[in-house]
Amino acid sequence: MSLNLGHHISDLLYEHDCVIVPDLGGFVANVKSASINEQAHTIAPSSKQIGFNQNLRQNDGLLANAIVQKEGLEYNEAVKQLLAKALQYKDDLKEGRRVELLKVGVLYRDRSGNIRFVPNEDENHLKKSFGLGKLYLVPVGASVEPVVETLEIVEEEAETPVIALPIETKTKR
């Protein structure tokens with residue numbers, strides 16, 4: 001059975017600010033205020049900015065207990081699988097491969113051998129911003145070409161039956 005740690009970590013980040021993968025490191029979330037990007041003309045809602053700290057390696061039981069609940073494993077088995085997955089990720093990183101954790105981000109080693117983390121920008125782990133996305137703005141005074149979808153309308157010509165009506169003639173009296 002292969003654990004999908006990305007989903008477990010992502011689910012926990014909605015409720016917690018730190019999720020530790022034993023013997024690998026911790027994913028730490030900090031609240032980031034709503035922001036305006038003037039160059040891209042967007043407004044982003046408040047979110048949790050995810051970082052990675054490789055010094056947080058001690059098992060706090062949070063991730064293992066979540067796996068126990070969702071996967072139906074015994075606690076010791078969940079810890080054993082977590083440690084095996086951490087070892088696999090460390091081997092992948094040592095070999096220069098990237099480790100992708102779905103819904104969380106990507107771990108990789110830089111040229112100096114340090115573990116780096118690139119968070120998944122599409123996932124917002126802040127519950128109060130759930131369902132909110134970026135707003136795209138149009139600068140004041142900018143000429144905007146409206147986006148118009150054209151649909152091709154095909155009319156079927158049905159034959160209309162012709163009914164002959166009697167013509168009444170008026171006669172003079």
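Q: Why is Ser46 called buried in this predicted model?
A: Buried means under 20% relative accessible area. Ser46 has 19% relative accessibility, so Ser46 counts as buried.

Q: Where is Ser46 placed, and what is Ser46 in contact with?
A: Ser46 sits in the loop that links β4 (42-44) and β5 (47-53). Setting aside its neighbours within four places in sequence, Ser46 is in contact with Lys32, Ser33, Ala34, Asn124, Leu126, Lys128 and Ser129. A contact here is a pair of heavy atoms within 4.5 Å.

Q: What makes the pairing of the Ser46 side chain with the backbone nitrogen of Ala34 a polar contact?
A: The cut-off for such a pair of N or O atoms is 3.5 Å. A polar atom of the Ser46 side chain lies 3.4 Å from the backbone nitrogen of Ala34, so the pair falls within that cut-off.

Q: Which residues touch the most other members of the largest nonpolar core?
A: This core has 29 residues, and Leu5, Ile9, Phe27, Leu63 and Leu107 touch the most other members. At least two core residues come from each of α1, β1, β2, β5, α2, α3, β6 and β8 (115-119). The element that gives the most is α3, with 6 residues.

Q: What does Leu107 touch?
A: Not counting residues up to four places away in sequence, Leu107 touches Leu24, Phe27, Phe52, Leu93, Arg98, Val99, Leu101, Ile115, Arg116 and Phe117.

Q: What volume does the largest pocket have, and which residues are closest to its centre?
A: The volume of the largest pocket is about 650 Å³. Its lining has 29 residues, and Ser47, Glu121, Glu123, Asn124 and Lys134 are the closest to the centre. Two or more lining residues come from each of β3 (35-37), β4 and β5. The largest share, 4 residues, is from β5.

Q: How many residues of the pocket lining are nonpolar, polar and charged?
A: The lining of the largest pocket divides into 10 nonpolar, 12 polar and 7 charged residues. Gly is counted among the polar ones here.

How values were computed
Residues are numbered from 1 along each chain as its sequence is written. This is a predicted model: local features need pLDDT of at least 70, side-chain atom pairs count only at pLDDT 80 or more; totals for chains, interfaces and linings use all residues. Side-chain values use heavy atoms; hydrogens and water are left out. Buried means under 20% relative accessible area, exposed over 50%, partly exposed in between (1.4 Å probe, protein chains only). A polar contact is a pair of N or O atoms within 3.5 Å; within protein, one must be able to donate a hydrogen and the other to accept it, and residues adjacent in sequence count only if both atoms are side-chain atoms. A nonpolar core is a set of buried Ala, Val, Leu, Ile, Met, Phe, Trp, Tyr and Cys residues joined through side-chain atoms within 4.5 Å. On a 1 Å grid over the protein atoms alone, a cavity is a set of points where a 1.4 Å probe fits but cannot get out, and a pocket is an open set with protein on both sides within 12 Å along at least five of seven lines; lining residues have an atom within 4 Å of a point. Grid points are joined across faces, edges and corners, and a volume is the space filled by probe spheres set on the points.
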